[in-house]
Amino acid sequence: MKRTHILLTGLLAMFLLLASLPSQAMTTFDGKPGRVSDYLDDGKWTVVMIWASDCHICNKEISHYVDFHFVHQDEDARVLGISIDGQEKRAAAEQFISRHRVNFPNLIGEPDEVAEWYQRLTGNAFVGTPTFLFFNPQGKLVAKQVGAVPTELIEEFMHRQARAEVKP
Amino acid sequence: MVVLVNGIAELEYHRDVPLPARQRDYLQRMDEEMDGGIPLDGEMLANPDLLQRARYVAMSLVESLQQEQEARTAATLAWLAERIPDLQQVRVETGEDGRVRIELIFDRPLENQVKVRFPMSGAGETRH
């Protein structure tokens, strides 16, 4: 009985540990293992954009996030991209980055792995691209948005959150 | 498959992302509920065909997008993309009177818009 209890406790601990881990399948475009957590909790906002090279909206809107990153990267925020193209369409993802002169760091993962990571993180099924996740300067996920979001709204959101934190 | 609202592409569904088991079950439940009939254009359809179901689900998708209900958006979008593999675009137009018009496009994917930079007349020239 006690042994069963220990086994169950061990399994539960293992499940909790696995659930908290980021997707191991994500890599940088240099092929090194990549984690979203590597880019968080350094006193800046991190806007994670999940994109795909064949996503029409991503192709149309990416320039706004490139500009956003350019303006904010040395101050209060950065963009981190996650491509769901996977290794099969890696070349297309690289072309996307080059074509749009994407200036922010990017990770790439298999579509199912990224969707699973998203679901584990947010509790919701992955809907489509683009999808945005907003991590505050302490690295906590504070908001998400399915579909494109104007960068002015992101700035407004960041300022609103900062003001709310200052209030006693 | 792309969803466009008033001409603006809002969201793109990727059929190569496998559906989680729970989501697949939910789509099955949607099918079963629609088997019992659906209200469409002011009347109750006892045996809706696939296109009528698609219009009904697309209406629900529009509502969920307007109300920012992520889970419902995910379910309705997945239903449309998975049950109708040929569906390429869902175009939603909202009229001034508030009426919503939905167009389902099967035969053409949305083309990427490409920026074309025209040379400006006189560019590089010095005028005196």
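1. In what order do the elements of chain B run from the N terminus on? They run β-β-α-β-β-α-α-β-β, and the secondary structure of chain B comes to three helices and six strands, where helices (H or I, at least four residues) and strands (E, at least two) are DSSP runs numbered from the N terminus.

2. A word on the basis of this note: this is a predicted model, in which local features need pLDDT of at least 70 and side-chain atom pairs count only at pLDDT 80 or more, while totals for chains, interfaces and linings use all residues. Residues are numbered from 1 along each chain as its sequence is written, and chains are lettered from A and ligands numbered from 1 in the order in which they are written.

3. Chain A has five helices and six strands, and along its sequence they follow the pattern α-β-β-α-β-α-β-α-β-β-α. For chain B, with 128 residues, the buried share is 22%.

4. The six strands of chain A form an open sheet with mixed pairing, in the order β1-β4-β3-β2-β5-β6; two strands pair if DSSP finds at least two bridges between them. At the edges stand β1 (27-28) and β6 (141-146) of chain A, each of which pairs on one side only. Strand β5 (residues 131-135) of chain A is joined to β6(A) by five bridges in the antiparallel sense, and here Phe132(A) stands opposite Gln145(A) of β6(A).

5. Strand β3 (residues 77-83) of chain A deserves attention, because seven of its seven residues are buried and the strand is therefore largely enclosed by the rest of the structure. In a regular strand the side chains alternate between the two faces of the sheet. In β3(A), Ala77(A), Val79(A), Gly81(A) and Ser83(A) point one way, whereas Arg78(A), Leu80(A) and Ile82(A) point the other way.

6. On either hand, β3(A) has a parallel partner. Seven bridges join β3(A) to strand β2 (residues 45-51) of chain A, with Trp51(A) and Ser83(A) as bridge partners, and three bridges join β3(A) to strand β4 (residues 106-108) of chain A, with Ile82(A) and Leu107(A) as bridge partners. The chain crosses from β3(A) to β4(A) through helix α3 (residues 90-99) of chain A in a right-handed β-α-β crossover, meaning that, with the strands pointing away from the viewer, the path from the first strand over the helix to the second runs clockwise. A right-handed β-α-β unit is also made by β2(A), helix α2 (residues 56-72) of chain A and β3(A).

7. In chain B, helix α2 (residues 50-66) and helix α3 (residues 70-83) pack at an angle of about 150 degrees, with their axes 9 Å apart; axes are lines fitted to C-alpha atoms, for helices over the stretch in contact, and angles run from 0 to 180 degrees between N-to-C directions. That makes α2(B) roughly antiparallel to α3(B), since angles over 145 degrees count as such, under 35 as roughly parallel, 65 to 115 as roughly perpendicular and the rest as oblique.

8. Helix α1 (residues 21-35) of chain B packs against α3(B) at about 80 degrees, with the axes 10 Å apart, and the two helices are therefore roughly perpendicular to each other.

Note on methods. A residue is buried if 20 or more other C-beta atoms lie within 10 Å of its own, exposed if 12 or fewer, and partly exposed in between; C-beta atoms are placed from the backbone.
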